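Please read the following note beside the sequence and the structure.

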Amino acid sequence: MSQLQELSPDLWTLFCPSKFLLFHVGTRMTVLRLSNGEVLLYSPIPIDAALKKEIDDIGKVTHIVCPNNFHHLYASQAMDLYPQANLHGPKALHKKRKDLSFSHTLSAVPHPDWEQDIELLTIEGSLMHETVFYHKPSKVLLTCDIVENFETSDHLLTRIWLKAGGCHGKIGWPRILRLVYINRKKARASLQDMFNFPFEKVVIAHGDVLEKDARSLLKTGLAWLKV
């Protein structure tokens, strides 16, 4: 049985369990097959033998992306599995993870291998230093920590966290984590630019993918920032 879930042609996602402090919020990886047939991993998760085979059946992995300062925990394992791949991450992460051999710094300029497929936007004013990817062929927006989308959780402490953060049963961003936006004016400008992409679906790291009414749901989740 396939672990990867096809969201659109040439784009798959997989959600896996993970913890943030004591909370079971999980995380998600996206697998993109580029127009040149090569494969990009966006926000890698642990990759076992069965998952590796699925990925390898899609194409050769040539790019691994850590989209922000916090989605890097499994980059080392991914690079061990695909040592010839290019590793991309924000400049601040290069300093944070000096043990990783980054080959490229994420910016608004796409890598030549991606320019037919992907447009990039770095969200300014945030300690996350996140770069979102707009996949043009599928009209899917790839994000990590812009919003969360949890209906609920079987884990008591996680439910408490979601309720305290204002994210239980609705799309949003935890109240305490809003502190990462150290310049909200810049952040609002970037996020407003994000809505210029004609996306129809939104991949997020924590919670369910936004598939229906994605634009309005994302706008609702960012209402606290007055985007």
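**Note on a buried proline, a sheet and a core**

1. Not counting residues up to four places away in sequence, Pro174 touches Glu148, Trp161, Gly165 and Cys167; contact means heavy atoms within 4.5 Å. The model is predicted: local features need pLDDT of at least 70, side-chain atom pairs count only at pLDDT 80 or more, and totals for chains, interfaces and linings use all residues. Residues are numbered from 1 along each chain as its sequence is written, and side-chain values use heavy atoms, with hydrogens and water left out.

2. Pro174 is found in the loop between strand 14 (170-172) and helix 5; helices (H or I, at least four residues) and strands (E, at least two) are DSSP runs, numbered from the N terminus. Pro174 has a relative accessible area of 2% and is buried, a term for under 20% relative accessible area with a 1.4 Å probe, protein chains only.

3. An open sheet of four strands has mixed pairing and the order 10-11-12-15; two strands pair if DSSP finds at least two bridges between them. Strand 10 (118-122) and strand 15 (201-203) each have a single partner strand, so one side of each lacks a neighbour in the sheet.

4. Strand 12 (residues 140-142) and strand 15 run parallel and are joined by three bridges. Leu142 has Val203 as its bridge partner in strand 15.

5. The largest nonpolar core has 32 residues; such a core is a set of buried Ala, Val, Leu, Ile, Met, Phe, Trp, Tyr and Cys residues joined through side-chain atoms within 4.5 Å. Helix 5 gives the most to this core, with three residues.

Notes
Buried < 20%, exposed > 50% of the residue type's maximum accessible area, 1.4 Å probe, protein only.
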